[in-house]
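Dear colleague,

Please read it with the structure open beside you.

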Amino acid sequence: MNAHTPSRPRVAVHKFSSCDGCQLAFLNLGEDLLTLAARVDLVYFAEAGPLDADAEVDVAFVEGSVSTPEDLERIQRIRARSGVLVAIGACAVSGGIQGLRNGADSASWVAQIYDHPEAIASLEHSTPIATHVPVDFELWGCPVTSSQVLGVVNALLLGVSPCDNADKVCTECKRLGHSCVLVTRGIPCMGPVTRAGCGALCPGLGRDCYGCFGPAENANTHALSAQFARLGLDAQAIARRFQSINSQAPVFRQAAEKMRTAGDE
Amino acid sequence: MFNETEHTVFLPHDRLGALLAAIRAGGWQCVGPRVEQGTIVMAPLAEDEDLPRGVQAEQAPGQYRLGTDAKRRHFAWANGPQAIKPLIFAPQETLWRVARDADGRLAFETVMPDAPKLAVIGVRACDLAALALQDAHFLRKGRTDAHYGARRAQLFLVAVQCAVPASTCFCASTGDGPTPTVGYDLALAELDEGFVAVAGSAPGRAVLHALGLAEASPVQIAAAREQGDAAAAAQTRRLPGRDLREALMARLKHPQWDAVAERCLACGNCTAVCPTCFCHTEHDIPALDGASSRHEREWDSCFGETHGHLHGFNVRPDIRTRYRQWLTHKLAGWHDQFGRSGCVGCGRCIAWCPAGIDFTAEVAALTGASGGSGMEER
């Protein structure tokens with residue numbers, strides 16, 4: 001696909017196991033959504049209207065993790081019918097908050113919560129899209145932002161590779177002139193290991209980053225854990241900092257396991 | 001300050017507002033200290049806004065807390081995370097735009113910033129030394145940065161002698177403070193009863209003249225000078241020399257680089273708060289309709305991935321090489337580029353490091369010199 005394609009590129013926005021929040025990155029575009037609709041042909045976007053789940057598309061945006069037997073089969077169908085597949089959001093790239101059940105006894109949870117547990121069909125693990133099919137580009141975030149989504153759409157329309165900013169949240173925080181909450185208040189901010197993209201939203205509101213954009217490149221979780229310990233957190237509390245939205249991202253999972261192990265000793 | 005030929009006047013505390021008014025009368029907007037988000041930030045000052053009094057900045061590796069100054073001085077805080085740098089080297093700005101016309105031709109347009117006349121109240125000697133280095137970089141002859149230059153030309157700088165250094169300060173060892181000696185329009189030294197003041201430029205002299213102040217007494221001048229000497233002597237951290245180029249370049253394989261890489265988060269906070277760091281990156285941000293695009297510049301850091309990215313590989317793939325790049329550029333490479341070290345001893349990289357890495361302790365460990373704070377490394 002490139003900018004000179006005579007017909008408008010066909011785009012689908014799919015949802016798997018998720019809260020639908022990342023799709024709002026499109027719906028919240030405002031006027032830009034109209035411009036987008038003029039530049040691309042939105043053939044499937046259940047939350048917005050168009051419904052042709054099996055259409056062949058140039059670009060498929062996929063929100064959510066693979067969490068049910070039905071998901072397993074549907075992602076294969078979508079991959080086969082899509083030119084470029086972009087996974088959007090924490091669920092799609094790391095398994096999401098529902099990934100916390102991986103390693104837990106989820107069957108017993110289901111039994112405790114539902115009157116008819118036999119009506120629940122869910123896989124033992126919640127897994128990212130890339131575990132099942134090749135993914136061309138991943139957008140981290142819980143949720144992803146409109147500017148991330150627009151950046152990818154623009155790049156694909158222009159025929160260039162999308163930019164991938166894997167720097168830490170701190171870079172955005174400092175550019176915006178926020179005062180460092182870890183340094184001034186000693187609260188356990190995850191910014192120094194977390195991928196930029198949110199615009200340092202939480203530190204800008206005076207609270208600590210909780211890592212919803214997943215691990216940044218060269219994330220030194222060991223050094224941050226050591227600093228959290230100096231700030232007074234015990235090993236279990238430190239582990240929980242890494243076991244949130246992106247608990248199954250390998251870098252965060254390993255950091256949490258290391259602290260759990262340390263806490264058990 | 002304290003040059004024999006200077007005309008030194010005395011500004012009572014209760015006339016500080018008159019000083020700001022005289023600066024405003026000269027056409028400058030005032031930016032100065034304000035207590036915000038648990039720190040001292042440089043913010044636009046409202047006309048009726050009083051400067052904070054009795055605030056101290058207690059700093060340690062990875063820690064910054066505001067405390068109280070019993071003497072209720074205006075400038076007992078050593079520094080905040082930023083001073084002059086973001087005001088002239090914008091953290092994020094558009095440099096130019098391009099638009100496609102009806103015939104498909106591209107039209108480029110430079111985007112220049114609004115650059116109002118700006119007076120910065122309360123900059124320190126280290127900030128002025130850093131500014132001179134930023135000027136050397138951005139205003140180099142034949143390669144002037146228009147955006148930086150436009151804002152730089154509008155600055156009116158009111159420097160203040162540091163009387164209460166933070167534990168992270170080491171400007172005495174770099175030769176850059178704590179008393180301002182050059183590069184200001186006005187310089188103040190705060191005593192219990194008011195300020196000893198001197199002008200360092202024609203606009204500064206005009207502002208002081210408009211206030212009609214009495215001369216400072218020899219006792220006041222002596223008190224201010226002694227206060228500066230005491231502030232220098234009170235600093236607990238130091239660098240082991242002003243030219244560490246040879247010492248560091250001979251130790252590129254030192255095991256200390258591995259040791260610091262264990263602790264370093266590669267978050268880039270040190271480079272963002274460093275008043276001399278000037279690295280930036282540029283992006284194109286096309287409009288969704290495909291008809292225009294803007295070219296944006298933003299602060300970058302040698303601790304980021306793309307900073308070391310060359311075609312096909314990354315020259316600094318790990319934290320060890322990135323920390324080494326930062327420290328050796330700052331203390332060695334700067335000598336080649338600018339004829340002096342790039343460190344002015346402000347200590348911001350120590351206080352604002354979320355992992356509490358002490359730059360002076362790392363240098364001491366690398367060079368085998370006694371340095372840092374003399375304390376055991378954490």
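A residue is called buried here if 20 or more other C-beta atoms lie within 10 Å of its own. By that criterion, buried residues make up 47% of the 265 residues in chain A. Please keep in mind throughout that this is a predicted model, with an ipTM of 0.95 and a pTM of 0.94.

To begin with chain A, its secondary structure comes to 12 helices and 5 strands. The radius of gyration of chain A is 20 Å, close to the 18 Å that the globule rule gives for 265 residues, so chain A is as compact as a globular protein of that length. Along the principal axes, its C-alpha atoms fill a box of roughly 60 × 50 × 25 Å. Of the contacts in chain A between residues at least 6 apart in sequence, 73% join residues at least 24 apart.

Turning to the interface, 33 residues of chain A are in contact with 36 residues of chain B. On the side of chain A that touches chain B, at least two residues each are supplied by α2 (31–39), α6 (146–158), α7 (169–175), α8 (181–185) and α10 (221–230), and the residues of that side divide into 14 nonpolar, 11 polar and 8 charged.

As for confidence in chain B, the average pLDDT is 95, and 97% of the residues score at least 70. Over residues 374–378 of chain B, however, pLDDT stays under 50, and the model has 3 contacts beyond four places in sequence for that stretch. Where pLDDT is low, the predicted coordinates should not be read in detail.

How values were computed. Residues are numbered from 1 along each chain as its sequence is written. Chains are lettered from A and ligands numbered from 1 in the order in which they are written. This is a predicted model: local features need pLDDT of at least 70, side-chain atom pairs count only at pLDDT 80 or more; totals for chains, interfaces and linings use all residues. Two residues are in contact if their C-beta atoms, placed from the backbone, lie within 7 Å. Helices (H or I, at least four residues) and strands (E, at least two) are DSSP runs, numbered from the N terminus. Ala, Val, Leu, Ile, Met, Phe, Trp, Tyr, Cys and Pro count as nonpolar, Asp, Glu, Lys and Arg as charged, and the others, Gly among them, as polar. pLDDT is the predictor's confidence in each residue, from 0 to 100. The radius of gyration is taken over C-alpha atoms; the globule rule is 2.2 Å times the number of residues to the power 0.38. A residue is buried if 20 or more other C-beta atoms lie within 10 Å of its own, exposed if 12 or fewer, and partly exposed in between; C-beta atoms are placed from the backbone.
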